[in-house]
Amino acid sequence: MIRSSALFLLLSLSLAACAPAPGTERVPLASTGMIAQANTLISVQRASAGILRPLVHSAALQGAAQAHADDLQITGGLGHVGSDGSTLSDRIRRSGYTACFAAENVARGQPDTRSAIASWSGSAGHQANMVNPNATQFGFANAGDVWVLVLARPC
């Protein structure tokens, strides 16, 4: 009886560990490949710029990126200010992330992840964001033909 109770407790704790932390969401399985591809493409660029440390995916930054991508897709806008007047700092803070550095790339019209990253690579400002050595974490999101990359370093 004690053994089965201990097994039940262990199983319950294991399953609880799988639950997302408060304020975060699980990334849909279909998105994980897109996120991994974006990280690979950005890591190659960072390595070419002499930054050997790859970025680490952040669920909080993912949430901030997805919220902005969804907003831009719904409103038809393209920019760094949300339809509610939110800035990148506002969106990151809402996601529960405290950033000492943050940058954001947005794009519209690219058919896939590779094209979105290539588009940013052709823009000096967007490229500078992707290879900024201050960035250590990222979130990468897509909604329709909108792409958002959020780069940050926690405090």
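Select Asn105 and His126 to begin, and note that in this predicted model the side chain of Asn105 reaches the backbone oxygen of His126 at 3.2 Å. Is Asn105 buried or exposed? Asn105 counts as buried because its relative accessible area is 0%, and the residue belongs to strand S2. If you now display the residues that Asn105 touches, leaving out those up to four places away in sequence, you will find His80, Trp120, His126, Asn129, Met130, Trp147, Val148 and Leu149.

From there, widen the view to the sheet, in which 4 strands form an open arrangement in the order S1-S3-S4-S2 with mixed pairing. Colour strand S1 (56-57) and strand S2 (99-108) as the edge strands, each of which pairs on one side only. Then select residues 137-143 and 146-154, which are strands S3 and S4, and follow their antiparallel pairing over 7 bridges. Within this pair, Phe140 has Leu149 in S4 as its bridge partner.

Stay on Leu149 and show its contacts, again without residues up to four places away in sequence: Leu149 touches Ile42, Ala103, Glu104, Asn105, Trp120, Met130, Phe138, Gly139 and Phe140. A second, separate core of 16 residues can be picked out next, with Leu72, Ala141, Val148 and Ala152 included in it.

For the largest nonpolar core, which has 19 residues, select Ile117, Trp120, Phe138, Phe140, Trp147 and Leu149, the members that touch the most other members. At least two residues of this core come from each of helix H2 (29-48), S2, H5, S3 and S4. Which element gives the most to this core? Helix H2 does, with 5 residues.

Select residues 59-75 to see helix H3, which lies across S1, S2, S3 and S4 and runs at about 30° to S3. Then select residues 113-121 for helix H5, which lies across S2, S3 and S4, and which runs at about 65° to S4.

Terms used:
Residues are numbered from 1 along each chain as its sequence is written. This is a predicted model: local features need pLDDT of at least 70, side-chain atom pairs count only at pLDDT 80 or more; totals for chains, interfaces and linings use all residues. Side-chain values use heavy atoms; hydrogens and water are left out. Two strands pair if DSSP finds at least two bridges between them. Contact means heavy atoms within 4.5 Å. Axes are lines fitted to C-alpha atoms, for helices over the stretch in contact, and angles run from 0 to 180 degrees between N-to-C directions. A nonpolar core is a set of buried Ala, Val, Leu, Ile, Met, Phe, Trp, Tyr and Cys residues joined through side-chain atoms within 4.5 Å. Buried means under 20% relative accessible area, exposed over 50%, partly exposed in between (1.4 Å probe, protein chains only). A polar contact is a pair of N or O atoms within 3.5 Å; within protein, one must be able to donate a hydrogen and the other to accept it, and residues adjacent in sequence count only if both atoms are side-chain atoms.
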